[in-house]
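Here are some notes for your review. Please read them beside the model.

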Amino acid sequence: MLIKAATTVGGFQVFDVFVSIHRRLSSFIHFSRRLRFSMRNGKKRARSEPGSTKQPRNKYSDNPPDFANLASLYPSFKPFVFFSGGGRPRIDWTDYNATRELTRILLLHDHGVNWWIPDGQLCPTVPNRSNYIHWINDLLSSESFGGGDGSSKVKGFDIGTGANCIYPLLGASLFGWTFVASDFTLVALDWAEKNVKSNPHISDLIEIRDSKVLLPQCSEEAATTVQSVDDNKSCSIEPAVLVGVVKENETFDFCMSNPPFFETFEESGLNPKTSCGGTPEEMVCSGGEQAFVSRIIQDSAVLRQRFRWYTSMLGKKATLKLLISKLWEVGVTVVKTTEFAQGHTSRWGLAWSFMPTARKILAPPVVKKNILSFMLEIVASDDQCNTILKNGITNVDSARSHGYEQKQSLDGSSLQVPEDNLSFRISVFQQMPGTLLIKGSLQQKDIPLSGLFSVVFGSLEESMKSKFCR
């Protein structure tokens, strides 16, 4: 049974007017560009996971380096700082020596890391590289594979660490991560090792590894006599990405890469506003960043779960879509992207994994009961049963007028009479909000007076309807 609850202008003046219009037009164009950039970033932030265009735990996120303060603390940096018309301290970003000195003192001042690179080597910006490190920490701490604190016993692999070795130095100093950092040029391997040894407090956490791999069809003796790859294409030494550099049975929590963004060295020098250096090996590869990251994807399809996360930075947003389609083709379980925005520079992050994703069990919502459930047990003698059959019961409470002895219990009300007489039980409880379910059962199913049960049950139904239905 269910119950539902219901002028004159001179030559100079003409010139001044022209200049004023030009300035206003330039300001409008600049504002429009910033507005479009802001709108693009807003859309991207809505799609990025985890993190957004700024990593909130990156100390430079909303607190850019104070050039004036740094110049007062580090005399070597002072010659590179000048003040613009608005009084803001600035540096010349096209001056390689200025950008290198800024990186050196930021690593020393904010991270306690000693660092240097020779002329011409790629000079990284610390705030941007910190964004990448913090994003990886977010990935390691995410619930995709059951979560974690992202900082204990974490081992990373830096593909193409360069002479600067920036990612291992930041990861080790910020989170205590251990690293294998690979590269293949002698300058990069030599200076990366020097930068690690210059920091004895974290040097035990970083291993520098040569990524040159001898092709299977070429012996070591033959390789040393080869003048160039063009002379003998069947025998050469090539830099590997992961396969061939990762040792047997080695496992990692993540790999990361700042790949060569460009297809030609001329393309890498198209931005006249910055001078971060960079050798052809660091800046250029055949096919650009898309080809390089595609090699990482190919290796990841071989190594699969030996890395929890495979990641790479990208210089072009358009590359993301092309690479994501490749990732689904090799059977990844999850893909994540983000945007790294620091100052006027934007880069993009791509991460993927072959690990089985964690299943989150959601507990069913608890429905608050508005009506308390109860059970009524009735026992009647033969005389009382005859009376009920003769006169009927107009409501449940009328049963008490027959002189039964009532005894309160935890289950409800119990009418006590001799145990050998008619006995039946009726229970009422809330099935769902607004609905009551009433069940009845006769204790002695073979008794001749069982018809009494139908009478009492029908009377109860009428009583409940009159009380709860509107």
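A polar contact is a pair of N or O atoms within 3.5 Å; within protein, one must be able to donate a hydrogen and the other to accept it, and residues adjacent in sequence count only if both atoms are side-chain atoms.

This is a predicted model: local features need pLDDT of at least 70, side-chain atom pairs count only at pLDDT 80 or more, and totals for chains, interfaces and linings use all residues. Residues are numbered from 1 along each chain as its sequence is written, and side-chain values use heavy atoms, with hydrogens and water left out.

1. T311. This residue sits in strand β10 (residues 307-314). Helices (H or I, at least four residues) and strands (E, at least two) are DSSP runs, numbered from the N terminus. The T311 side chain makes a polar contact with the side chain of Y132, at 2.7 Å. A polar atom of the T311 side chain also lies 2.7 Å from the backbone oxygen of C255. T311 counts as buried because its relative accessibility is 0%. Buried means under 20% relative accessible area, exposed over 50%, partly exposed in between (1.4 Å probe, protein chains only).

2. Surroundings of T311. Beyond four places in sequence, T311 has contacts (heavy atoms within 4.5 Å) that include I136, L139, M256 and W352.

3. Helix α3 against α4. How do α3 and α4 pack? Helix α3 (residues 96-111) meets helix α4 (residues 126-141) at an angle of about 55°, with axes 10 Å apart. That makes α3 oblique to α4. Angles under 35 degrees count as roughly parallel, over 145 as roughly antiparallel, 65 to 115 as roughly perpendicular and the rest as oblique. Axes are lines fitted to C-alpha atoms, for helices over the stretch in contact, and angles run from 0 to 180 degrees between N-to-C directions. T103, L106, L107 and H111 of α3 make the contact with V126, P127 and S130 of α4.

4. Ends of α3. D95 caps the N-terminal end: a side-chain oxygen lies 3.0 Å from the backbone nitrogen of N97. G112 follows α3 and has a positive phi, near 65°.

5. Most residues other than glycine have a negative phi. C165 has a positive phi of about 50°, in the loop between β4 (155-159) and α5. N249 has one of about 70°, in the loop between β8 (237-239) and β9 (252-257). C165 is buried, at 0% relative accessible area, whereas N249 is exposed, at 67%.
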